[in-house]
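Visitor: Could you walk me through this fold, strand by strand and contact by contact?

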Amino acid sequence: MPLSVEEREKFLVGPHVAALAIDSGEEGRGPVNVPVWYVYRPGGEVVLVTGRASRKTQLIADAGRFTLLVDQTSPTYRYVSVEGELVSVETATKELAREIAARYLPTESAVEAHVERIMADPEAVVAIRMRPRHWLSADLGGAS
């Protein structure tokens, strides 16, 4: 069963690791598909933080769009796939890096250590913002 708008947005808000998919642009190669941490607020943009020099950053900038897939396998299988256009690639802030890390890391000390490590060179870290345009979602196990 497809999820309602409210259900899919609530699910995307959760701290799921997303699979990012972006066209590799290379003849004979499939899309690049890598795990990423992100943050989303219902009705807003999907935001992730990554290295400015990373391959995914360059591919997203070139393509102008990308897709994220988040899923859960228990107690019922659910997924949300969101595809949209690139809004911006901008220098990330420590506050954003902290907000995202706090969704995934178990302790404040782990969050702070992660943020200090990735933000050691602030110009090397970017926030990538995507405006959702197309959604696919389902709950294949019925009501949770």
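What follows is a chat about strands, rings and charged pairs.

Visitor: Before we start, what kind of model is this?
Guide: Residues are counted from 1 along each chain as its sequence is written, and side-chain values use heavy atoms, with hydrogens and water left out. Local features need pLDDT of at least 70 and side-chain atom pairs count only at pLDDT 80 or more, while totals for chains, interfaces and linings use all residues, since the model is predicted.

Visitor: Which residues make up the covered face of strand S5?
Guide: Strands here are DSSP E runs of at least two residues and helices are H or I runs of at least four, numbered from the N terminus. In a regular strand the side chains alternate between the two faces of the sheet. S5 covers residues 65–72, and its uncovered face holds Arg 65, Thr 67, Leu 69 and Asp 71. That leaves the covered face with Phe 66, Leu 68, Val 70 and Gln 72.

Visitor: Which residue in S6 is the bridge partner of Phe 66?
Guide: Strands pair if DSSP finds at least two bridges between them. S5 and S6 (residues 78–91) are antiparallel and share eight bridges, and a hairpin of five residues joins them. Within S6, Phe 66 has as its bridge partner Gly 84.

Visitor: And S1, which residue there stands opposite Leu 69 of S5?
Guide: S1 (residues 18–22) runs antiparallel to S5, with three bridges joining them. Opposite Leu 69 stands Ala 19.

Visitor: Why is S4 described as largely enclosed, and how many of its residues are buried?
Guide: Buried means under 20% relative accessible area, exposed means over 50%, and partly exposed is in between, using a 1.4 Å probe and protein chains only. S4 spans residues 46–51, and the rest of the structure largely encloses it because the number of buried residues, out of six, is five.

Visitor: On S7, what stands opposite Val 49?
Guide: S4 also pairs with S7 (residues 125–139), antiparallel and over six bridges. There, the residue opposite Val 49 is Ala 127.

Visitor: On to the rings: how are Trp 37 and Tyr 104 arranged, stacked or edge-to-face?
Guide: Rings of Phe, Tyr and Trp (its six-membered ring) pair if their centres lie within 6.5 Å; planes under 30 degrees apart are stacked, over 60 edge-to-face, and the rest tilted. The whole structure has three aromatic pairs. In this one the centres are 4.9 Å apart and the planes sit at 10°, so the pair is stacked.

Visitor: How many residues apart in sequence are the parts tied together by that pair?
Guide: Trp 37 is in the loop between S2 (32–36) and S3, while Tyr 104 belongs to helix H3 (residues 94–104), so the parts they tie together are separated in sequence by 67 residues. Trp 37 is partly exposed at 26%, whereas Tyr 104 is buried, with a relative accessible area of 16%.

Visitor: What about Tyr 40 and Trp 135, stacked or edge-to-face?
Guide: Their ring centres are 6.1 Å apart with planes at 70°, so the pair is edge-to-face. Tyr 40 lies in S3 and Trp 135 in S7, so parts 95 residues apart in sequence are tied together. Tyr 40 and Trp 135 are buried, and the arrangement is edge-to-face.

Visitor: Finally, how far apart are the closest N and O atoms of Arg 55 and Glu 26?
Guide: Side chains of opposite charge can pair when their charged atoms come close. A salt bridge here is a side-chain nitrogen of Lys or Arg within 4 Å of a carboxyl oxygen of Asp or Glu, and the whole structure has eleven. Arg 55 in helix H2 (residues 55–63) and Glu 26 in the loop between S1 and S2 are 29 residues apart. Their closest N and O atoms are separated by 2.4 Å.
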